[in-house]
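Have the sequence and the model open side by side for this one. We'll go through it a piece at a time.

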Amino acid sequence: MATEYLPRLPLAFSQAALFGALVIVGLAAGEALRRYASLPRITGYVLAGAALGPHALGLISDDMLFDLRPLVDLSVGLIVFELGFRLDFKWLRANRWLLVTAIGEALFSFLGIFAVMVAFDFRPVLAAMAAAVGTATSPGTVLLVAHDLRAQGQITERLLLFTAVNSAFAYVLLTLLLPFLHFEHQASWQQAFFHPLYLLWGSLVAGWLACILMLRLAAWLGKSEERQFILMVGMVVVTVGIAHALKLSVSLALLTLGMLARNLDRGYAVLPVHFGHGSQLFFVILFVLVGASLSFSAFSAAAAAPVAALILVRFLGKGVALLGFGPLSGIRPGGAGLLALGLLPLSGSAVVMVRDTTLLYPAFGRELAAVVLSAVVILELIGPLATQFALRRAREAHPDG
Amino acid sequence: MDELAFGASAPLTVGVELELQLVRPHDFDLARDADELLRRLGKRKLPGAVKPEITESMVELNSSVHASAATLVDELETVRDAVLQDARVLNVRIAGGGSHPFHDWADRRIYPTERFMHVVERYGYLAKQFTVFGQHIHIGCASGDDAVFLAHVLTRYVPHFIALSAASPFYQGEDTSFQSSRLTAVSAFPLAGHIPFVRDWAEFLEYFMRMKGFGIVASMKDFYWDIRPKPEYGTIEIRVCDTPLTVRRAALLAAYAQALAAWHLEERPLEPSRTTYLVNSHNRFEACRYGLRGTMVDPYASRKTAIGEDILATMAKIAPHAARLGCGALVHELAAGVRAGDSDAAWLRARHAARGSLADVVREACTRWEKTG
């Protein structure tokens, strides 16, 4: 009897089925942690990913992770776009100390991590790159936790602003460090000179062009939230794709797009669109995949000391700048400490940053990953808790959030 | 009883309270930074005071006491600028207007004082829906009897104040078709309405003690009346105005109230009449719904007139008192606006028609509040 109508074993699942399954498992895990342990949902997504990932149950293989990379890029793109959209130049102009605090916070943690890494005998290039990556707070974690808690207020606003600034700082710095990486690998001076130039300006120009197009289209489409929502998602997706094709920095291009869309919109064509439920979907898949790619094997007794030191100086650098300059920018007493805690998360975007910047030199990438990714594993787990604690303690979380 | 001892104040002095919207610039929804803003403002020396209100998205600006509404303009501008300066540091914008066009009342959070917590506990969602923004005008009275007298005769002019100040055409994201939708939120409270028809302060006290005896009220604050005596300040308080879009208009309204009270206290052209309360609900509705173009029943002449025309006729009658009080020019300015058919509600609708979204309306209202004039 012919049985061709039955599927063959093993079953071949499509990408879509995999995507859906991951979203549902992540969602359930997040909700369970939330409900039974009062932990952030994001921690549930990450744990679900880690459990399914190649290092544990193995239901998500390394190949699948590779195949799903476009989704990670897309999710990171949406997140940094939304973050850029929250960065208000007018506020920075009206409150100069805020800019000083934001830059100080990024600079101090960069210098701190760099010094510690050098002290642990890492090569300066490696130390500087690790420090640059380590400077950035995870945009996704901060946005998701704030969104989940329905947090609102000064600490929340500043948390998002500082995250946007330290992310921009990290992207730009990583690019500027590229020549040193090239020199280390005996590349030509042309490559050392033009690569960062291409990467930096290319990403900025791509973001800017996309922004101009988006503003024109938004003005033409009119003030309909529905149409503008579709426009924004469309613009983000296409910009991610173009940045990819041109080998530019996806994160920098999208951050630029978000920032300029907010600040160049003189005619107020763009409506303040909240990604809302749509972006939640991407949040879930992103953090499940981040969880799956966490390499617990990166842990070793030898790495424990530098990683612990990295995490500590990163926190101290942020804390010192916030305590020093924060009050001048109008942070209420006690707010600076909470902000330093809130800025703790380091995650998915760091993974992407490491990958993007070291495409040319995979060996260096692995070296860098070994340092940074162990810190990511730890901060991926305690970061969301710290942010949640900070926002609740600041009384900015919604009572039902 | 002490709280009800009428602390007589200099007759016909004037002061205002303005409830303001705190707006966040990234989406022009309401912010919740009242606490931070008040903490900063607490370090400044300002005439009057800035106080918390029921939800964290509002603050209340209190002027000092003025002999003439004319000097109110400068003071309100000074205080407005100080508030704006501190608000800028926090990235918060300020707007006038009687309602926020699209905020979701369920998102509001109560400002945590004992009194406000009690209001929420008692009134539930009404308290959060009470995130509306009004102007209260205080007029000094020599005695409780004068206060009761003014409360009765000024009720005839309630539609005037509603129509002149109307600035809440949008509510919960919709055009309400009203000029002032704010008063509907006030009317929902069980103790809203008007003062009972008592003859004098002694009779009022008797009424108050009975209500207190029933356990219905604990203090004067529990009455959400349109016009209410405020024994603590020695004033009568007109509470039906929406907060206008500019501080200047707030001063114009105060000037009108001051001159109107002067006319009634000094010439006594009208005696309190129960008929006023027969027609009051109708007049109030007409003013809320149609503004200056509504019609009102004049309870003394027993005829219908257009609210705008009635205002202009009244302004002509009070002109000598306005001039004597030094606020003639302000009342003139208000009259010119009535003739031109201007209103804040119409301005807000025009901005919506021109820009196409309610976020734009809030942004432009913020810009208008920031400007002098």
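Leu12(B) sits in the segment before strand 1 (14–23) of chain B; helices (H or I, at least four residues) and strands (E, at least two) are DSSP runs, numbered from the N terminus. Leu12(B) isn't a glycine, yet its phi is positive, about 70°. Most residues other than glycine have a negative phi. Leu12(B) is also buried, with 21 other C-beta atoms within 10 Å. (Buried takes 20 or more other C-beta atoms within 10 Å of a residue's own, exposed 12 or fewer, and partly exposed is in between, with C-beta atoms placed from the backbone.)

A word on bookkeeping: this is a predicted model, where local features need pLDDT of at least 70, side-chain atom pairs count only at pLDDT 80 or more, and totals for chains, interfaces and linings use all residues. Residues are numbered from 1 along each chain as its sequence is written, while chains are lettered from A and ligands numbered from 1 in the order in which they are written.

Now hop to Ser302(B), in the loop between strand 12 (295–298) and strand 13 (303–306) of chain B. Ser302(B) has a positive phi too, about 50°, and is not a glycine. Is Ser302(B) buried or exposed? Exposed, with 9 other C-beta atoms within 10 Å.

Staying in chain B, look at helix 9 (residues 247–267) and helix 12 (residues 328–340), which pack at about 110° with their axes 8 Å apart. Axes here are lines fitted to C-alpha atoms, for helices over the stretch in contact, and angles run from 0 to 180 degrees between N-to-C directions. So helix 9 of chain B is roughly perpendicular to helix 12 of chain B (under 35 degrees is roughly parallel, over 145 roughly antiparallel, 65 to 115 roughly perpendicular, the rest oblique). Helix 9 of chain B brings Ala251(B), Leu252(B), Ala255(B), Tyr256(B) and Ala259(B) to the contact, and helix 12 of chain B brings Leu330(B), Val331(B), Glu333(B) and Leu334(B). Contact means C-beta atoms, placed from the backbone, within 7 Å.

Over in chain A, find Gly319(A) in helix 14 (residues 301–325). Gly319(A) counts as buried, with 20 C-beta neighbours inside 10 Å. Leaving aside neighbours within four places in sequence, Gly319(A) is in contact with Gly337(A) and Ala340(A). Ala336(A) is 17 residues from Gly319(A) in sequence, but 7.2 Å away in space, C-alpha to C-alpha.

Finally, the two chains meet: 16 residues of chain A are in contact with 17 residues of chain B. On the chain A side, helix 5 (89–94) and helix 9 (154–184) each supply at least two residues.
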